[in-house]
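Open the model in your viewer and keep the selection tool at hand.

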Amino acid sequence: MVIPLALTTVRVAKAAIEQQDKLRSAFDRLAQDDISALEDVYDLCGNDVYGLALWSTGSPSDASDIVQEVFLKLARIRCSLNTIRNPRNYILQITQRLGIDFYRDRKRRMTREEPIEFLEPAFVQDQSNLEDRMHLHDAISKLNPKQRQILFLRYFAGLSFSEIAEISDLNLFTAAGRCRVAVQQLRAILRKKS
Amino acid sequence: MSHQIFSNLRAARVPESLKERVLSRCQAISSEPYESATNTSWLDSLLQASATVAVLLFTVTCLSLFVSDQIAIPFTRFSRLDSRSEKGIVTNKEASWIVIRRGTSWL
């Protein structure tokens, strides 16, 4: 049981390093004014950017706008991108800040959208427990955007608490605490529903 | 690193249609900074011209102050201080400090 888990962890870590290397080389190409490298960045980070934006704003249309804004920003500042130490965290940091801005703007406009799907089955053929999933979406939407961001960064982007703290401009312990509280609240909401 | 609450689930994926839209906008914007750098507006030109005039005026004022009494005083008094130092009233070092202080006081 321990060996397969360790192997999985090593495989995940290796994939993360590979992704980081590919992103770094894409950033280098962008710095040399090769705009086509943005497609590689999109393929490598598009899902993370969209996911974090969706979890921040709770709105698919805002999330799409944020994805566009993030990549437009990268296109504008492409010449200085070769100085970025950790490209993935840099992109997630831009997304996180835009997410909060968009959320505040949406709150001011008091616009509401239909219930959205934050999650989807990991395997396409697995469409079971649709009702449970709807309960989960509802519970996630009841959390505040900062809690949702931390949950996404921790459990879907697979970041460590120190990386989350760096991206969100938080203390390491605050980041870990927020994540713990978010999970507790999520559990409490789900328990109340069931 | 998944939590048991989210087991067998993954975050929603980015819509397929978004990629083309985003990349085409980026392609369009990639040529913008160079265009704006070459096509300066009349307001930019006016601001540049007024900044140049301000710098020239400042230089001329400084030069005229330097030539006039206001900055020249410490230098003219230096000889008087020098003669006092020769008489032993102030030392050379003290005289130099007095000159530097007066010379920089107008700043």
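Is B:Lys19 buried, exposed or partly exposed? B:Lys19 is partly exposed, with a relative accessible area of 23% (buried means under 20%, exposed over 50%, partly exposed in between; 1.4 Å probe, protein chains only).

This is a predicted model, in which local features need pLDDT of at least 70 and side-chain atom pairs count only at pLDDT 80 or more, while totals for chains, interfaces and linings use all residues. Residues are numbered from 1 along each chain as its sequence is written, chains are lettered from A and ligands numbered from 1 in the order written, and side-chain values use heavy atoms, without hydrogens and water.

Next, select A:Asp33 and A:Arg78, which meet in a salt bridge at 2.6 Å, N to O. A:Asp33 is partly exposed at 36% relative accessible area, whereas A:Arg78 is buried at 2%.

Then select A:Arg29, A:Asp34 and A:Asp40, linked in a network of salt bridges. The whole structure has 9 salt bridges over all chains.

Finish at A:Arg24 and A:Asp21, whose salt bridge has its closest N and O atoms 3.7 Å apart. A:Arg24 is partly exposed at 34%, and A:Asp21 is partly exposed at 40%.

How values were computed: Salt bridge = Lys/Arg side-chain N within 4 Å of Asp/Glu carboxyl O.
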